[in-house]
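I opened the model to look up its fold, its chain contacts and its aromatic side chains. My notes follow in the order of looking.

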Amino acid sequence: MGEIYILKGTDNGDKGDLIASIPGQVIKVERIDEKKQEDLFATPEENTDLFIYIYQELAKLSRPLTKGIGLVNFIVMLILNNVLAFIFKINEPLVRGWRLDIIRRVALNEPVQVPSWRPDHLIGYFFKGWVLIVSRTIYFLPAIIIVYLSGFQLFDVLKELYFFLRDKFLNADNMGYAEFILQKILPQFGIEVLIHLVVLLLYVIFVWPIYRIITIKYALKKCSGGGFFSVKQIYSAIQIFRKNAASIYGVYAFVLSIDVVTILVINGLTAATIGAFALVAPAVSLLMRFWIKGYAYGILGRTLIQNSAL
Amino acid sequence: MGHNYKIITKLSAEEAQQIQQGEKIRLGSDSSNPEIILEIGSIEVLPTGVKALSEDFKKLIRALVILFKGSAAKISLATISMIYLALTPSGISAFFVRGWRLGIISRMGTLENKVGIAPQIRSLTQIGHHINEGIKLVLARFIYDIPKILVLVVVGYDYASIIVDFGYFFLSSIFNSAHSQSLSSMIQATSLKMSNGIIASLVFFALYSLIVTPAFKILEIKYALNQIKYSDFFNLKELFSSLNLYRKYTFNTLEMYFWDLFVTTLSLLVGFFLFSTFPLLIFLHPLWKLPFSHWAKSYGYGLLARRLIFNNELKVGPG
């Protein structure tokens, strides 16, 4: 039997044969050369100013829009998009095709990164936009069906939550949080909802990036519209995804965050202004959801080209 | 010459008494150390039991203090919090932070003391890297938790009803002076809801959480320190090896696991408090969670990692 002891000592270079050996059973010998300092969360040397970096990246992002042909192209598109948004939403395929061209121009670092508004180009965007809309719908059909199926449940839950919070806000006589959760929310949740959530999550994490990689290839004319459904292209996209997951998820996180916040803000402002904001919402969308996202995917395309993935 | 040494050795009481401060002893040579003669500076027993617990607890509290010590730490914390907050609306923050936490354990186990422990974020690709690792970990954890989830879904409604009752009772007694019911009547009402099925599933839940989850945490540590590949999470041999390691270091593992549960519960309460004060405040919850839940937990597991390395259970070289 014995206890474990910690011995600390210094080697002063002494020599001698008459000195006794250390008794007991040595478990570990560790040389401590310097005084061990406390753990640090971060050191000044490592701390690069992320805020400056973000500012610089945002500046790069907006530069093509602010001068010369780019500015003209963008303003024309802003007007066109806003007008067409109220004509059977024809702007949808148009701006998606427009965004596809942004991806190409940014990926190849062309001098003018805002796509032109020449009528023949516009027709091209229109058709390519349709290809994107159709392919995206087919890709996400399982997810759309699930959202549709559980959507009613979720909608009910959200509706209940809205009324509950509104009543709370107005201090109307109402039930407490616990009863609310028990009576209104929990009964909606069964194993089907769990399966739905899992499938949706898998879609978001895996299917969407694959879809976007093929989109980039389509933008760079490395595959045709049919490439979205070609086994060879999907397989190739999976390989690219596996090797460049960090870059892809990085851009994806950025794009997803912008998307969610923009949608929330647009819907919030539209509700708050009782619909008035909807008149300028297409313009905001064009900037945030189409220009910025197109640019981001373009940068991803550039990165993938540099990594010889494309 | 002039080097300091730290020796961990097992001594009987008599042997320990023979060693005095200022004395010289010979340390025999082995593969990594030549023979040297040491002048003893200090001798003390390795803290165990309650003393070890309080030592570790002090380290965990110190870890919370260093977050705010010095401008480098504060800037870094602000930066990472901002990123975490920005990723929250889309939900992808959950993966990001898990990957970031893995980075903390990895750095605590491998890097020397000259750099900060928290992984610094300089580019989108680094964010993407953490998300990628986070997705892998969440997936593995989900698969490990499937038995628990199935039980919860089957018996869930009744569980939740009991938990919400208790939670609501305690929170209303903190925030309102008038109780709607006394504790005894509450327990009586609850016991009516407890069927044999619920009790059995509660026992299963508790056992599973105490046996499998800590072993999973050890697997995570091994993965963070590059001892195993990702596929080893699903390798029975690795799982049993981690279970053995857990058995050998039950005290230390459970120490950090209970710290984990404690900070998680505290964080949930904070969230509940924010939500009940004003629902929109819940969007600020990440600002609490990052330092006081995620950082706190991973520092704890990082300490466990260091202990395992120190005891030569994991072979790690300098970072």
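Entry 1, a ring pair in chain B. I note at the outset that this is a predicted model. I then counted aromatic pairs over all chains and got 29. Y223(B) and F233(B) form one of these pairs, in an edge-to-face arrangement with 5.5 Å centre to centre and 65° between the planes. I placed both residues on the chain: Y223(B) belongs to helix α7 (residues 196-224) of chain B, and F233(B) sits in the loop between α7 and α8 (236-248) of that chain. The two are 10 residues apart, and the pair links distant parts of the chain.

In chain B I found K148(B) over the face of F205(B), at 5.4 Å from the ring centre.

Along the sequence the order is β-β-α-α-α-α-α-α-α-α-α-α. Chain A has 310 residues, and 40% of them count as buried. For contacts in chain A with a separation of 6 or more, I found that 71% come from residues 24 or more positions apart.

I find 77 residues of chain A in contact with 88 residues of chain B. The area buried between the two chains is about 8200 Å², and carbon and sulfur atoms give 64% of that. On the side of chain A, Y5(A), L7(A) and F41(A) lose the most area to chain B, together 11% of what that side buries.

The side chains of R306(B) and D39(A) form a salt bridge at 2.9 Å, N to O. Polar contact between chain A and chain B involves 22 residue pairs. Several elements of chain A each supply at least two residues to the side touching chain B, among them β1 (3-11), β2 (25-32) and α1 (50-66). The largest share of that side, 13 residues, comes from α9(A).

Technical notes
Residues are numbered from 1 along each chain as its sequence is written. Chains are lettered from A and ligands numbered from 1 in the order in which they are written. This is a predicted model: local features need pLDDT of at least 70, side-chain atom pairs count only at pLDDT 80 or more; totals for chains, interfaces and linings use all residues. Side-chain values use heavy atoms; hydrogens and water are left out. Rings of Phe, Tyr and Trp (its six-membered ring) pair if their centres lie within 6.5 Å; planes under 30 degrees apart count as stacked, over 60 as edge-to-face and the rest as tilted. Helices (H or I, at least four residues) and strands (E, at least two) are DSSP runs, numbered from the N terminus. A charge sits over a ring if NZ of Lys or CZ of Arg is within 6 Å of the ring centre and within 35 degrees of the ring normal. Contact means heavy atoms within 4.5 Å. Buried area is the accessible area (1.4 Å probe) that two parts lose on being put together, summed over both. A salt bridge is a side-chain nitrogen of Lys or Arg within 4 Å of a carboxyl oxygen of Asp or Glu. A polar contact is a pair of N or O atoms within 3.5 Å; within protein, one must be able to donate a hydrogen and the other to accept it, and residues adjacent in sequence count only if both atoms are side-chain atoms. Buried means under 20% relative accessible area, exposed over 50%, partly exposed in between (1.4 Å probe, protein chains only).
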